[in-house]
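Below is a briefing on one protein chain. It is arranged by topic and starts with a single residue.

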Amino acid sequence: MRSIPPLNAVRVFEVAARTGSYTAAAAELGLTHGAVSRQISALEHWLGQRLFAKSGRRMVPTPIASVFAAEVSLSFDRLAAAADACGRPGTRRILR
């Protein structure tokens, strides 16, 4: 079995790194700031290193977090493409 980090924490991390803000990530994901913080903390614990550093009132991604975020983002893009390719091909998508 593969050893992968908790996927929800990875998803939250990717949004926080992309938006550059725990608050913006919380708004995008429909979570509280505290929930984002806890998910990031869980991922940091799993990885064994800090992903964000405090700069004034903001949390700034560390250099390794920026690299990890880019790889995670590409992985999510591939996952979305695979889901589109292998999803229900005959299903009509109607906007109501």
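Phe13 touches Ile40, Leu43, Leu51, Phe52, Ala65, Phe68 and Ala69, leaving aside residues up to four places away in sequence; a contact here means heavy atoms within 4.5 Å. Phe13 is found in helix H1 and, at 0% relative accessibility, counts as buried. Buried means under 20% relative accessible area, exposed over 50%, and partly exposed in between (1.4 Å probe, protein chains only). The model is predicted: local features need pLDDT of at least 70 and side-chain atom pairs count only at pLDDT 80 or more, while totals for chains, interfaces and linings use all residues. Residues are numbered from 1 along each chain as its sequence is written, and side-chain values use heavy atoms, with hydrogens and water left out.

**Overall layout**

- The protein chain has four helices and two strands, in the order α-α-α-β-β-α along the sequence.
- Helices (H or I, at least four residues) and strands (E, at least two) are DSSP runs, numbered from the N terminus.
- The C-alpha trace spans about 50 × 35 × 20 Å along its principal axes.
- Of the 96 residues in the protein chain, 27% are buried.
- Among contacts between residues at least 6 apart in sequence, 45% join residues at least 24 apart.
- The protein chain exposes about 7100 Å², and carbon and sulfur atoms supply 57% of that area; accessible areas come from the Shrake-Rupley method with a 1.4 Å probe, and for residues only the protein chains shown count as cover.

**Helix H1**

- H1 has 13 residues and reaches 18 Å from its first C-alpha to its last, close to the 18 Å expected at 1.5 Å a residue.
- The expected span of a helix is 1.5 Å times one less than its number of residues.
- The buried residues of H1 are Ala9, Val10, Val12, Phe13, Glu14, Val15, Ala16 and Ala17.
- The cover over these buried residues includes H2, H3, S1 and H4.
- Gly20 follows H1 and has a positive phi, near 75°.

**Nonpolar core**

- A nonpolar core is a set of buried Ala, Val, Leu, Ile, Met, Phe, Trp, Tyr and Cys residues joined through side-chain atoms within 4.5 Å.
- The largest such core has 19 residues, and those with the most contacts inside it are Phe13, Val36, Ile40 and Phe52.
- H1, H2, helix H3 (33-47) and H4 each supply at least two residues of this core.
- H1 gives the most to this core, with seven residues.

**Aromatic pairs**

- Rings of Phe, Tyr and Trp (its six-membered ring) pair if their centres lie within 6.5 Å; planes under 30 degrees apart count as stacked, over 60 as edge-to-face and the rest as tilted.
- The count by this rule is three aromatic pairs.
- The ring centres of Tyr22 and Phe52 are 5.3 Å apart and their planes stand at 85°, so this pair is edge-to-face.
- Tyr22 belongs to helix H2 (residues 22-29) and Phe52 to strand S1 (residues 52-55), so the pair ties together parts that are 30 residues apart in sequence.
- One aromatic cluster is formed by Phe13, Tyr22, Phe52 and Phe68.

**Strands and the loop after them**

- S1 and S2 run antiparallel and are joined by four bridges; two strands pair if DSSP finds at least two bridges between them.
- Met59, in S2, is the bridge partner of Lys54.
- The hairpin of S1 and S2 has two residues between the strands, and Gly56 there takes a positive phi near 70°.
- Thr62 is found in the loop between S2 and H4.
- Thr62 is buried, with a relative accessible area of 15%.
- Not counting residues up to four places away in sequence, Thr62 touches Arg50, Leu51, Phe52 and Ala53.

**Helix H4**

- H4 (residues 63-86) has 24 residues and reaches 35 Å from its first C-alpha to its last, close to the 34 Å expected at 1.5 Å a residue.
- Ala65, Ala69 and Val72 are buried in H4.
- Helix H1 (7-19) and strand S2 (58-61) are included in what covers the buried residues of H4.
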